[in-house]
Amino acid sequence: MNTTTTKQRQTKYCQAIGRQLQSLGHATNAELLEHLNESFPNLSPTTVHRATTRLSSRGIIKLAPPKQDGSMRYDANTKAHDHFHCLSCDLLRDIDIKNKVIPILESNFDGFKISGQLIINGLCSQCAKP
């Protein structure tokens, strides 16, 4: 059995997708393709899908809450965190509220322990404007 770790192949597309996702924060495959088509005019939706699947399985990116239309969305932030989701424009933002909110929620549910990611739905500041 070989105990040495082998370096996993990182294609130019994987590298570009990783950089673009870092810039955007959250994105679907279609959004990534749209942003990368200028630099890579021959980049296909299939290649983007395969690359995001590979990056996700390696823990380089992770799945984010999906868009309202059900499209998979990816997250550049791989640390445990929560999200705010705008129900009007579909904006997704990272938030850190778990340590503040979970004790309040658990105190209202006798004996329940809450775990996992929290997603707070509402209206962002732009959509909430009259």
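I began with arginine 73, which forms a salt bridge with aspartate 90, the closest N and O atoms being 3.7 Å apart; a salt bridge here is a side-chain nitrogen of Lys or Arg within 4 Å of a carboxyl oxygen of Asp or Glu. This pair links distant parts of the chain, with arginine 73 in strand E3 and aspartate 90 in the loop between E4 and E5, 17 residues apart. Helices (H or I, at least four residues) and strands (E, at least two) are DSSP runs, numbered from the N terminus.

I note that this is a predicted model, in which local features need pLDDT of at least 70 and side-chain atom pairs count only at pLDDT 80 or more, while totals for chains, interfaces and linings use all residues. Residues are numbered from 1 along each chain as its sequence is written, and side-chain values use heavy atoms, with hydrogens and water left out.

**Entry: the charged network**

I looked up the accessibility of both partners. Arginine 73 counts as buried at 4% relative accessibility, and aspartate 90 does so at 10%. Buried means under 20% relative accessible area, exposed over 50%, and partly exposed in between (1.4 Å probe, protein chains only).

I then listed the salt bridges and found 3 in the structure. Lysine 67 and glutamate 31 meet through their side chains at 3.2 Å, N to O. Lysine 67 sits in the loop between E2 and E3 and glutamate 31 in helix H2, 36 residues apart. Glutamate 31 is partly exposed, with a relative accessible area of 25%.

The side chains of lysine 67 and aspartate 90 also meet in a salt bridge (3.7 Å, N to O). Lysine 67 lies in the loop between E2 and E3 and aspartate 90 in the loop between E4 and E5, so the pair ties together parts 23 residues apart in sequence. Through shared partners, salt bridges join Glu31, Lys67, Arg73 and Asp90 into one network.

**Entry: helix H2**

I checked which residues of helix H2 (residues 29–36) are buried and recorded Asn29, Leu32, Leu33 and Leu36. They cover an arc of only 100 degrees around the axis, which puts them on the same side of H2; the arc is that of the directions from the helix axis to the C-beta atoms. Ala30 and Glu34 are exposed on the other side of H2.

**Entry: strand E4 and histidine 85**

I turned to E4, where 5 of its 5 residues are buried. Asp82, Phe84 and Cys86 point one way from E4, and His83 and His85 the other way. E4 runs antiparallel to strand E5 (residues 92–95), with 4 bridges; two strands pair if DSSP finds at least two bridges between them. With strand E6 (residues 119–122), E4 pairs in the parallel sense over 4 bridges.

In the hairpin of E4 and E5, which has 5 residues between the strands, I found aspartate 90 with a positive phi near 75 degrees.

Histidine 85 stands opposite leucine 92 in E5 and is buried, with a relative accessible area of 7%. A polar contact of 3.1 Å joins the side chains of histidine 85 and asparagine 121. By polar contact I mean a pair of N or O atoms within 3.5 Å; within protein, one must be able to donate a hydrogen and the other to accept it, and residues adjacent in sequence count only if both atoms are side-chain atoms.
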